Amino acid sequence: MTDSSCISIGLLLFPALTQLDLTGPYEVFARAPNTKVHLIWKNSEPVISDRGMAILPTVTFDTCPKLDVICIPGGPGQIDLMEDEETLSFIRHHSAQSKLVTSVCTGALILGAAGLLQGYKATTHWASLDQLALLGAEPVNARVVRDRNRITGAGVTSGIDFALSVVAAIYGDNVAQNIQLNMEYDPEPPFTSGSPRTAAADLLKQVKDQLAPLIEKRRLATVRAAANKMG
């Protein structure tokens, strides 16, 4: 997909998103050559993340240019967007024109609600991975999943791995590796508790219990979205 023209990447910015789902990929994309990154929302007012960070959109739904890559982050605000037809229509419209249709974390469920993961392998945050099947996707427990022109990242911190994979798909491995080295992206987490595969059983139960109300709320929204898609 190499091309001498500027690559246009759009990240959906919405209330109560998880900011690292957006800012991790943004940091990678903004370092890519010949690339313009857009933060997109319905209006130009500051958008407040789930942890209180205010982020300014750079374009609105009405002023957004044609995108080569569209990326949908996740976060608790994703639940409301699954039934927000204005947003879903915007995503469908730009996905039809984009070379790559992508997501991070539970942004994959928004893509699914828009009908864009039917028959595709995809991933999302481990606690919601099974919900992808309700939307016609094939859940894959992996950090980054690519199926044709769909690229999805798992939970939150995987957004950096995901974005490096997207840059590699556009510009080649050397450019992606250059960005990785510039960012000194060489994680050495102090604990091995970052995945259900490695976390202690009691810690995993504790986190599942903490997440249970949100996951149930999300599941109900996914069920409704699946019903709407089939209706």
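Visitor: Which residue in strand 2 does Ile9 stand opposite?

Guide: Quick caveat: this is a predicted model, where local features need pLDDT of at least 70, side-chain atom pairs count only at pLDDT 80 or more, and totals for chains, interfaces and linings use all residues. Residues are numbered from 1 along each chain as its sequence is written, and side-chain values use heavy atoms, with hydrogens and water left out. Strands are DSSP E runs of at least two residues and helices are H or I runs of at least four, numbered from the N terminus. In strand 2, opposite Ile9, you'll find Val37.

Visitor: How many bridges join strand 1 to strand 2?

Guide: One place to look is Leu12, whose bridge partner in strand 2 is Ile40. Strand 1 and strand 2 (residues 35–41) run parallel, and the number of bridges joining them is six.

Visitor: What is the handedness of the crossover from strand 1 to strand 2?

Guide: The chain gets from strand 1 to strand 2 through helix 1 (residues 19–29), making a β-α-β crossover. Point the strands away from you: if the path from the first strand over the helix to the second runs clockwise, the crossover counts as right-handed. This crossover is right-handed.

Visitor: Are the residues of strand 1 buried or exposed?

Guide: In a regular strand, side chains alternate between the two faces of the sheet. Here one side carries Ile7, Ile9 and Leu11 and the other Ser8, Gly10 and Leu12, and both faces are covered. Buried means under 20% relative accessible area, exposed means over 50%, and partly exposed is in between (1.4 Å probe, protein chains only). Strand 1 (residues 7–12) is largely enclosed by the rest of the structure, because six of its six residues are buried.

Visitor: Which are the edge strands of the open sheet?

Guide: Seven strands line up in the order 5-2-1-6-7-11-10, with mixed pairing. An edge strand here pairs on one side only, and that picks out strand 5 (59–60) and strand 10 (144–147).

Visitor: Does Thr60 count as buried or exposed, and why?

Guide: Thr60 sits in strand 5. Leaving aside residues up to four places away in sequence, Thr60 touches Ile40, Trp41, Lys42, Asn43 and Ser44, where contact means heavy atoms within 4.5 Å. Its relative accessibility is 15%, so Thr60 counts as buried.

Visitor: What do the buried residues of helix 1 pack against?

Guide: Those buried residues are Asp21, Leu22, Gly24, Pro25, Val28 and Phe29. They pack against strand 1, strand 2, strand 7 (100–104), helix 5 (158–171) and helix 6 (173–182).

Visitor: How many helices and strands does the protein chain have?

Guide: Buried residues make up 49% of the 231 residues in the chain. The C-alpha atoms fill a box of roughly 50 × 45 × 35 Å along the principal axes. As for the count, the chain has seven helices and eleven strands.

Definitions and conventions. Two strands pair if DSSP finds at least two bridges between them.
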